[in-house]
Amino acid sequence: MRVMRARAAAESAESAESAGATIRTTSADLAPPPPAPGAERHVALDFANSELALRAGRLDLLATPDAAARWLVERELAPDDAVLYEYCAGRLRELRAQLRTLLAARIDGTLPPPEAVRAVNTALTTAPAASLLHWDEAHGPHRAPAHPADRVAEHAMAAIAADAAELLTGPDGERLAACSASPCNRFLVRTHAARHWCSVRCGDRVRAARAYARRAQRAQVAGSDGATGSGR
Ligand SMILES: [Zn+2]
């Protein structure tokens, strides 16, 4: 289900892109790649990757309140009729920035700034991720989200933060990597030790760049041989 939703998300991102919402290009080649390895298990990784550096420019899947609401609905983090305001979308983007800092620190083996850790803990504790017990005359005992409808963003951030804490401390945290295909800025969970790119497209770009570098080096060597041979 999550995979299907993620694919739908990638497609909707593609259509947002081709509509020229954030970057002006209609080339399918420049659309966002499919979700990075690990994003299907970790919504926090998917969330961190919602800000993309493509060759055509930057694409932010949370750029507007409507886009952010769609992103959450597609991942079942918000009810279908969820409405977000710019203030909420801004807080989501702020949490994403802190989360990206934490993922980078985990990969580099460095200590993150305390405010990045604090941002996850604030999101974890501001709204409960679980449905609470309610009991009233009309409905008897029942469970319902503890948050009113206007706290959609808080509830989603709590769920994302819970997953982020699990990702950073669990076995997948050891295999976190940043895509090595410039200018890509996505994170991934490595499926094997040698893999350091997030998609087939990025892998192809890395291989093409390596081949180009080898050709350029050979040409340079041949060129300098020629210069020596000319007896200058
Ligand atoms: Zn990549």
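In which kind of crossing does α4 pass α5? The crossing is left-handed, that is, the near helix is turned anticlockwise from the far one by less than a right angle.

## Model and confidence

This is a predicted model; local features need pLDDT of at least 70, side-chain atom pairs count only at pLDDT 80 or more, and totals for chains, interfaces and linings use all residues. Residues are numbered from 1 along each chain as its sequence is written.

The mean pLDDT (the predictor's confidence in each residue, from 0 to 100) is 83 for the chain, and 79% of the residues score at least 70. Helices here are DSSP runs of H or I, at least four residues, numbered from the N terminus.

## α4 against α5

Helix α4 (residues 86-108) packs on helix α5 (residues 114-126) at about 125°, with the axes 9 Å apart. Axes are lines fitted to C-alpha atoms over the stretch in contact, and angles run from 0 to 180 degrees between N-to-C directions. The pair is therefore oblique (angles under 35 degrees count as roughly parallel, over 145 as roughly antiparallel, 65 to 115 as roughly perpendicular and the rest as oblique).

L95, Q98, T101 and L102 of α4 meet E115, A116, A119, V120 and A123 of α5.

## α4 against α6

The axes of α4 and helix α6 (residues 152-169) cross at roughly 5° and come within 11 Å. These two helices are therefore roughly parallel to each other.

Note on methods. Contact = placed C-beta atoms within 7 Å.
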